Every structure is written in C-alpha cells, then in structure tokens.
Amino acid sequence: MKTSLGPLLYCWDKTKVFEFYRAIAESGIELVYLGEAVCSRRRELKTSDYLTLARELRDAGKEVVLTSLALIEAAGELTELKKLVSNGEFIIEANDMAAVHHAREAAVPFVCGPHINLYNAASIRKLADWGMQRFVMPVELSREWLAEVLSQLGASRPEVEVLGYGHIPLAHSARCFTARHHGLAKDGCQIICKSHSKGLLVQTQESQPLLRLNGIQTQSAACVNLASEWHNMAAMGVDWFRISPSGMSLPNLETSTPLSGNECNGYWFGEAGFNQAV
C-alpha cells in the first residue's frame with residue numbers, strides 16, 4: 001500500500017499553496033491530487049496554476065491527478081470542468097457524475113473521488129468499464145463493506161483508495177455556511193473562507209466539537225486516523241492510504257500511537273463516525 005495526498009480542501013492564498021506543494025515535491029508522498037473540489041468562487045489559483053504545480057510534481061517523480069468540483073451548479077463551472085478533462089496531460093478525479101460523463105466521452109481515464117456513491121460491486125464494475133482506474137471508498141462505509149466488495153470484484157478490479165487521515169468530507173450544499181455565519185450573501189462572500197485556513201469549528205450547546213464548516217462543505221470536527229489499520233488495509237488489498245491535508249506539515253502516522261482526543265475512526269469499524277472504536 002502506498003500513500004496519497006488528497007486535494008487541498010481549504011482556501012489558502014496562492015503563495016502558501018505553492019509553498020505547500022513544493023514541500024510535498026520533496027516528501028515521500030507518491031500520488032498527489034491537485035485542484036479545487038469545494039467552491040468555484042475560490043479563485044486564488046487558476047487551472048494554469050494547477051497545471052504548473054502538476055508538472056513540477058510530475059518532474060519530482062509524483063503521480064498527479066487533477067481534481068474536479070464535488071458540486072457543479074452553474075454553466076461556467078461545467079465549462080471549466082470540460083477544460084479540466086481535456087487538459088491533455090493528467091487524468092482527473094471525478095467528484096460529480098458530470099465529470100464521469102465528460103471523461104468517458106473524451107476517453108480520459110479517471111478516478112472516482114469519495115463524493116460519488118459507489119456502494120456496490122455492480123456500480124464499481126460499470127464505472128470501470130467507462131474508464132475508472134481507481135475509486136476512493138465512500139467515507140461512511142466500513143472495512144466489512146470493503147472486504148465484501150473486494151471479494152466480489154476479484155482480481156480484475158480498479159485500484160481502491162481509503163481516506164486514512166484528515167477531516168471527513170460529509171456533505172455539500174448550494175448555500176455557503178461560512179458566508180452565512182459572517183452575515184454575507186454567497187454571491188458577495190468576499191472569499192471569507194480565506195480567514196479560516198482549517199475551516200470553521202461548530203460546537204454543540206455543551207461546547208463539544210461537532211462539525212467543521214468549509215464554505216459549502218461540511219466536514220467532521222475530528223480527524224479520522226486509520227494509521228493503526230495500515231497493515232490490515234494492505235492485507236485486504238487497499239492500494240492507497242489517503243491523507244487529506246489541513247496544514248503546512250503532514251501528520252506523523254505512527255501506527256503505535258493511540259488516537260488523540262480530536263481523532264476518530266468509527267466509520268471504518270461500522271460505528272458512528274465520531275467514535276473511537278479501538
């Protein structure tokens with residue numbers, strides 16, 4: 001099993017993004033996803049900037065995949081998606097079925113991100129027939145589900161990737177929760193997400209962390225940490241362990257380290273996501 005770095009889900013300024021990925025170029029990460037998956041109003045980086053970074057990372061020996069939006073709402077976003085698919089150099093991560101459609105039409109190989117509901121072997125086989133090379137397991141499913149599906153798929157299957165560390169992407173909405181929190185309309189949001197480099201923490205009335213608002217995306221407050229399951233995942237046949245970045249440095253995933261108070265692993269063990277199962 002190898003380590004991948006998922007797309008940056010937060011809104012950072014361009015200089016910080018370039019600094020981050022140029023450090024990743026020197027790291028042991030083998031696969032990097034680049035692009036805006038959350039909101040098209042985040043215009044710090046353009047497609048040309050992501051392509052520049054992608055080429056630098058490729059030159060450093062990394063496999064690179066360009067990520068698409070998880071929620072496409074406007075004609076302009078669809079136009080940008082078509083440009084992304086037809087970049088001519090890199091495959092894409094499809095986070096919406098529109099991306100799957102255009103990749104299939106263009107005969108461009110693709111990865112299905114965690115936002116596409118691949119819940120059974122039949123769906124996985126169908127998308128593999130359409131050009132899917134790898135799928136990221138939906139974050140709310142369990143190791144038992146994955147073991148059963150891999151058994152059904154057999155040896156002839158696409159690669160499988162599991163979100164092993166990071167804040168869990170739970171949902172997307174047409175409304176921007178961060179803008180609403182600041183009393184701003186979505187169309188006049190002033191890109192307020194830049195003020196929250198790790199999202200905006202939401203707590204219960206008892207002041208316990210519950211969710212993390214990231215523009216139109218809702219995430220878990222806690223980080224999933226499945227480092228202790230590394231060897232079990234590898235034995236099952238998982239190909240990639242994904243890290244979702246939330247800061248300039250990568251986590252130290254020592255398998256012997258117990259979960260901290262702000263980490264969780266419940267979904268993997270078939271429990272509530274915020275649980276610490278072991």
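Modeller: Let us begin with a charge and a ring. Lys16 lies over the face of Trp12, 4.3 Å from the ring centre. Please keep in mind that this is a predicted model.

Colleague: Which residue lies over the face of Tyr33?

Modeller: That residue is Arg242, at 4.2 Å from the ring centre of Tyr33.

Colleague: How many aromatic pairs does the structure hold?

Modeller: One reads a pair from the distance between ring centres and the angle between ring planes; planes over 60 degrees apart count as edge-to-face. The structure holds three aromatic pairs. In one of them, the rings of Trp12 and Phe20 have centres 5.6 Å apart and planes at 85 degrees, so this pair is edge-to-face. Phe20 and Tyr21 form another edge-to-face pair, because their planes stand at 70 degrees, with the ring centres 5.0 Å apart.

Colleague: Are Trp12 and Phe20 buried or exposed?

Modeller: Trp12 and Phe20 are both buried, and Tyr21 is buried as well. Together, Trp12, Phe20 and Tyr21 form one aromatic cluster.

Colleague: Let us turn to the helix. Which residues of α1 are buried?

Modeller: Helix α1 spans residues 14–24, and its buried residues are Val17, Phe18, Phe20, Tyr21 and Ile24. These residues lie on the same side of α1 because they cover an arc of only 160 degrees around the axis. On the face turned away from that buried side, the exposed residues Thr15 and Glu19 are found.

Colleague: What do the buried residues of α1 pack against?

Modeller: Their partners are the strands β1 (2–5) and β2 (31–34), together with helix α2 (47–59).

Colleague: Which contact is found at the start of α1?

Modeller: There, a side-chain oxygen of Asp13 comes to within 3.2 Å of the backbone nitrogen of Thr15.

Colleague: How many disulfides does the structure hold?

Modeller: A disulfide is a covalent bond between the sulfur atoms of two cysteines. In this structure there are zero disulfides. For Cys11, the closest cysteine sulfur is that of Cys193, and the separation of 5.9 Å is too far for a bond.

Colleague: Is Cys11 buried or exposed?

Modeller: Residues under 20% relative accessible area count as buried. Cys11 has a relative accessible area of 4%, so Cys11 is buried. Cys112 also counts as buried, because its relative accessibility is 0%.

Note on methods
Residues numbered from 1 in each chain as written. Predicted model: local features only at pLDDT ≥ 70, side-chain atom pairs only at ≥ 80, totals over all residues. Heavy atoms only, no water. Buried < 20%, exposed > 50% of the residue type's maximum accessible area, 1.4 Å probe, protein only. Helix = DSSP H or I, 4+ residues; strand = E, 2+ residues; numbered from the N terminus. Arc of directions from axis to C-beta. Contact = heavy atoms within 4.5 Å. Polar contact = N/O pair within 3.5 Å; in protein donor to acceptor, adjacent residues only side chain to side chain. Phe/Tyr/Trp six-rings, centres within 6.5 Å; stacked < 30°, edge-to-face > 60°. Lys NZ or Arg CZ within 6 Å of the ring centre and 35° of its normal. Disulfide = S-S within 2.5 Å.
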